[in-house]
Amino acid sequence: MTSRLTDAISAYKSAANPFESVGKSSESEGTGTDFASVLKDAAKVAAGDAKAAEKASMSAIAGKADIREVVAAVANAEMTLETVVNVRDKVINAYNEILRMPI
């Protein structure tokens, strides 16, 4: 029971901020992080979440995983993907705005 509670708390924390670990190593050194590195790290997080959801789904098909774990993994992957798509859209909109600026 305690393990599931800990897992639930961990899942909630990661769902609240899926990119909290992105770029932390550079920030702690005080050097800052460039935008490309942040996007690259965020893409890695999104791919990792998708792989975890796929692995949980395969375990459920084999009868080795609890359905709640599968649902949590898939929901986490879906939320991460939606975040990545929203960030992509914002970047594209910002780029288009820059292109429209008069020189």
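The buried residues of helix H3 pack against helix H4; contact here means heavy atoms within 4.5 Å, and buried means under 20% relative accessible area, with exposed over 50% and partly exposed in between, for a 1.4 Å probe and protein chains only. Those buried residues of H3 are Ala42, Val45, Ala46, Asp49, Ala53 and Ala56.

A word on the basis of what you see. This is a predicted model, in which local features need pLDDT of at least 70 and side-chain atom pairs count only at pLDDT 80 or more, while totals for chains, interfaces and linings use all residues. Residues are numbered from 1 along each chain as its sequence is written, and side-chain values use heavy atoms, with hydrogens and water left out.

The chain holds four helices and zero strands, where helices (H or I, at least four residues) and strands (E, at least two) are DSSP runs numbered from the N terminus. Of its 103 residues, 14% count as buried.

How do the two helices meet? The axes of H3, residues 35-61, and H4, residues 67-100, come within 8 Å and cross at roughly 155 degrees; the axes are lines fitted to C-alpha atoms over the stretch in contact, with angles from 0 to 180 degrees between N-to-C directions. H3 is therefore roughly antiparallel to H4, a term for angles over 145 degrees, as against under 35 for roughly parallel, 65 to 115 for roughly perpendicular and oblique for the rest.

On the H3 side, the contact includes Phe35, Leu39, Ala46 and Asp49; on the H4 side, Val70, Ala73, Asn76 and Thr80 are among the residues involved. The residues of this contact divide into 15 nonpolar, three polar and one charged. Nonpolar covers Ala, Val, Leu, Ile, Met, Phe, Trp, Tyr, Cys and Pro; charged covers Asp, Glu, Lys and Arg; the others, Gly among them, are polar.

The buried residues of H4 are Val70, Ala73, Asn76, Ala77 and Thr80.

Consider next Val74, which lies in H4. Is Val74 buried or partly exposed? Val74 counts as partly exposed because its relative accessibility is 38%. Leaving aside neighbours within four places in sequence, Val74 is in contact with Ala53 and Ser57. Val74 and Glu54 are 20 residues apart in sequence, with their C-alpha atoms 7.8 Å apart in space.

Finally, just after H3, Gly63 takes a positive phi of about 80 degrees.
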